[in-house]
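These notes are for a colleague opening this model for the first time. They are set out as numbered points.

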Amino acid sequence: MTSPEPGKAAALVIGAGGGLGAALVEALAAPGPHAMDSVLALGRATQPAIDYEDEASLANAAAWVAAQCAAQGAQLRLLIVASGFLHGSQGQPERSLSHLDADYLSHVFRINAIGPALVMKHFLPLLPRQGRCVAGFVSAKVGSIGDNALGGWYGYRASKAALNQFVKTASIELKRRNPEALCVALHPGTVDTALSQPFAKTGLKVRPAREAATDLLGVLAALTPTHSGALVDYQGQTLPW
Ligand SMILES: NC(=O)c1ccc[n+]([C@@H]2O[C@H](COP(=O)([O-])OP(=O)(O)OC[C@H]3O[C@@H](n4cnc5c(N)ncnc54)[C@H](OP(=O)(O)O)[C@@H]3O)[C@@H](O)[C@H]2O)c1
């Protein structure tokens, strides 16, 4: 997203160590239509680190981002949150009610909904009060209640639906602060990353992370303030809640 605003424009990607997050950082840092003056990348392995299990890490990282922008004379015009959890040592997505597990549910809500909500708390105040700026939270189409025809994946679906509600609610508060600020939920499509790998099926359109990243950046660049609060897919279509 090239900012039409005067001054330098900074972008921040949170979840930069993930498949999609790393591709977003690469696309924003490379010369081209999505190049930003400054690209900051944070995740559990960066310094400072961001870990959703520890809110203090978010407060600390937000202070660092504010200091970086001030030192560079840049304004934070783009924030992308590319973190997420579907499967891992904390459990697997459920195929039936009998698989529901409180520890898995707690973890999937922590990473997919509560963590991004705390990002909103600590980082949305860093967006400028004037001019266009965009906060995109990577969600998933399976979080759409209106689109749920298949069932299953209770925790992941419900946590992404919760994220979508956080996005919608934050978009209303953000608009009062800056009418040109956008806050959206994003569906990246099925992307070839560690998150999707065990579920890749023949016939399902799986796209490389690099392609998904440039698609999302193109979509974000084309959004207008009327899109704020929406769930938008990688083709720019608004999806049902
Ligand atoms: N891949 C797909 O097909 C697909 C489809 C629909 C939606 N999505 C969504 O796309 C987003 C990116 O996923 P991906 O495919 O790139 O998966 P991935 O490669 O597994 O990346 C997962 C990301 O989540 C972050 N994360 C995990 N636990 C965390 C914690 N405790 N604190 C902070 N961050 C944590 C990781 O951050 P660090 O490693 O940087 O710490 C990493 O960036 C997710 O929101 C996912 O739900 C993906």
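**Notes on the core, a helix pair and the ligand shell**

1. L20 touches A82, V138, P188, V191, T193, A209, A212 and A213, leaving aside residues up to four places away in sequence. Contact here means C-beta atoms, placed from the backbone, within 7 Å. The model is predicted: local features need pLDDT of at least 70, side-chain atom pairs count only at pLDDT 80 or more, and totals for chains, interfaces and linings use all residues. Residues are numbered from 1 along each chain as its sequence is written.

2. L20 is also among the residues of the largest nonpolar core that touch the most other members, together with L12, V13, I14, L24, L79 and A213; this core has 74 residues. Helix α3 (residues 102-123) gives the core its largest share, eight residues. (Such a core joins buried Ala, Val, Leu, Ile, Met, Phe, Trp, Tyr and Cys through C-beta atoms within 7 Å; buried means 20 or more other C-beta atoms within 10 Å of a residue's own. Helices are DSSP runs of H or I, at least four residues, and strands are runs of E, at least two, numbered from the N terminus.)

3. The contact of α1 with α5 is made by G19, L20, A23, L24 and A27 of α1 and A209, R210, A212, A213, T214 and L217 of α5. These residues divide into eight nonpolar, two polar and one charged. (Ala, Val, Leu, Ile, Met, Phe, Trp, Tyr, Cys and Pro count as nonpolar, Asp, Glu, Lys and Arg as charged, and the others, Gly among them, as polar.)

4. The largest share of the shell around the ligand, three residues, comes from α1. The shell has 14 nonpolar, 12 polar and three charged residues.

Methods. Buried ≥ 20, exposed ≤ 12 C-beta atoms within 10 Å, placed from the backbone. Contact = placed C-beta atoms within 7 Å.
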